[in-house]
Amino acid sequence: KWNDPDVEAILQLKPDAVICYMEYPSKEKLEDKMPSTIPVLRFECDDPDKMDREICTLGYIFGKRDESQKLIDFYDQAVEQVSEKVSSLKDAEQPSVFMEWSTEKYKSFTRGMSFDIVCSMAGGKNIVAALEDKYSTKYPTMDAEWVTEQNPQYFIHMSSKTDGGFAVVDPAKMVSTYDEILNRTALANVTAVRNRDVYVLSAWEILDTPRFFVGLGYMAKILHPDLFKDLDPQKLHEEYLQRFQNVPYKGIYIYPQIKDSK
């Protein structure tokens with residue numbers, strides 16, 4: 001497990017190295033139990049600001065420098081096509097967003113979390129971001145009344161691994177989540193619900209870890225459909241899967257389809 005590994009099982013595989021997150025698992029659960037002959041390589045993996053460097057480092061480690069540079073170039077181009085337009089937006093032009101995690105109603109993310117960073121990069125304002133000092137966790141569960149008072153313009157639900165993604169062929173679970181959010185009594189007068197600016201995204205597939213730049217395109221298109229009329233997130237996604245994962249595009253990643261304009 002990513003935060004609680006079975007070191008004995010790892011050693012039986014006789015690895016040349018172990019790669020893991022920067023923070024998890026703890027040193028006590030991994031390095032302290034590993035022989036010094038097996039290096040432990042730690043990466044953030046989910047920080048957009050460090051993605052270039054980490055892809056480059058992995059390319060060096062695995063002797064794939066040319067391949068890693070091609071991915072970096074593709075990644076940078078995908079980010080730049082959003083950042084160039086978003087950089088000119090005034091504060092009033094950046095819509096307010098509530099992002100809900102799949103595990104619990106109104107569970108969200110404070111400043112600095114990967115989903116918060118993507119929201120900001122896409123030209124949105126995460127309404128929970130500024131509450132980082134109020135809670136002991138980076139993933140606070142908000143009161144429905146508080147969300148209603150903040151009156152977000154967009155409501156983005158991050159679906160579970162089984163509800164959407166590459167292996168999913170039926171959008172039924174995402175549709176069900178979408179309908180459930182629209183029918184929450186507490187949200188009846190919230191702008192996002194009134195305008196039906198509610199979206200369910202396959203977070204694990206397109207917004208998390210090194211694939212976040214794919215989700216960035218979807219988020220930018222959701223929050224600023226007029227500004228990104230020419231942006232095709234699915235086309236970007238298709239190219240990424242085919243060129244860098246060697247698999248054809250398939251699956252369900254968003255519900256409903258993004259509006260072309262406001």
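Which strands does helix 9 lie across? Helix 9, residues 212-223, lies across strand 3, strand 5, strand 6 and strand 7, and it runs at about 155° to strand 5. Before going on, some housekeeping. This is a predicted model, where local features need pLDDT of at least 70, side-chain atom pairs count only at pLDDT 80 or more, and totals for chains, interfaces and linings use all residues. Residues are numbered from 1 along each chain as its sequence is written, and side-chain values use heavy atoms, with hydrogens and water left out.

A few terms. Helices (H or I, at least four residues) and strands (E, at least two) are DSSP runs numbered from the N terminus. Axes are lines fitted to C-alpha atoms, for helices over the stretch in contact, and angles run from 0 to 180 degrees between N-to-C directions. Contact, or touching, means heavy atoms within 4.5 Å.

Five strands make an open sheet with mixed pairing, in the order 4-3-5-6-7; two strands pair if DSSP finds at least two bridges between them. Strand 4 (125-126) and strand 7 (254-255) are the edges, each pairing on one side only. Strand 7 pairs with strand 6 (residues 198-201) in the antiparallel sense over two bridges, and Ile254 in strand 7 stands opposite Leu201. Helix 6 (residues 172-182) also packs on the sheet, touching strand 3, strand 5, strand 6 and strand 7, with its direction at about 150° to that of strand 6.

Arg184 is in the loop between helix 6 and helix 7 (191-194). Is Arg184 buried or exposed? Arg184 counts as buried, at 8% relative accessibility (buried is under 20% relative accessible area, exposed over 50%, partly exposed in between, with a 1.4 Å probe and protein chains only). Leaving aside residues up to four places away in sequence, Arg184 touches Glu100, Lys105, Tyr106 and Phe155.

Compare Met22, in the loop between strand 1 (18-21) and strand 2 (40-43). Met22 is partly exposed, at 38% relative accessible area.

Last, a helix pair. The axes of helix 2 (residues 51-61) and helix 3 (residues 65-86) come within 8 Å and cross at roughly 165°. The two are therefore roughly antiparallel (angles under 35 degrees count as roughly parallel, over 145 as roughly antiparallel, 65 to 115 as roughly perpendicular, the rest as oblique). Residues that meet there include Ile55 and Tyr60 in helix 2, and Leu71 and Tyr75 in helix 3.
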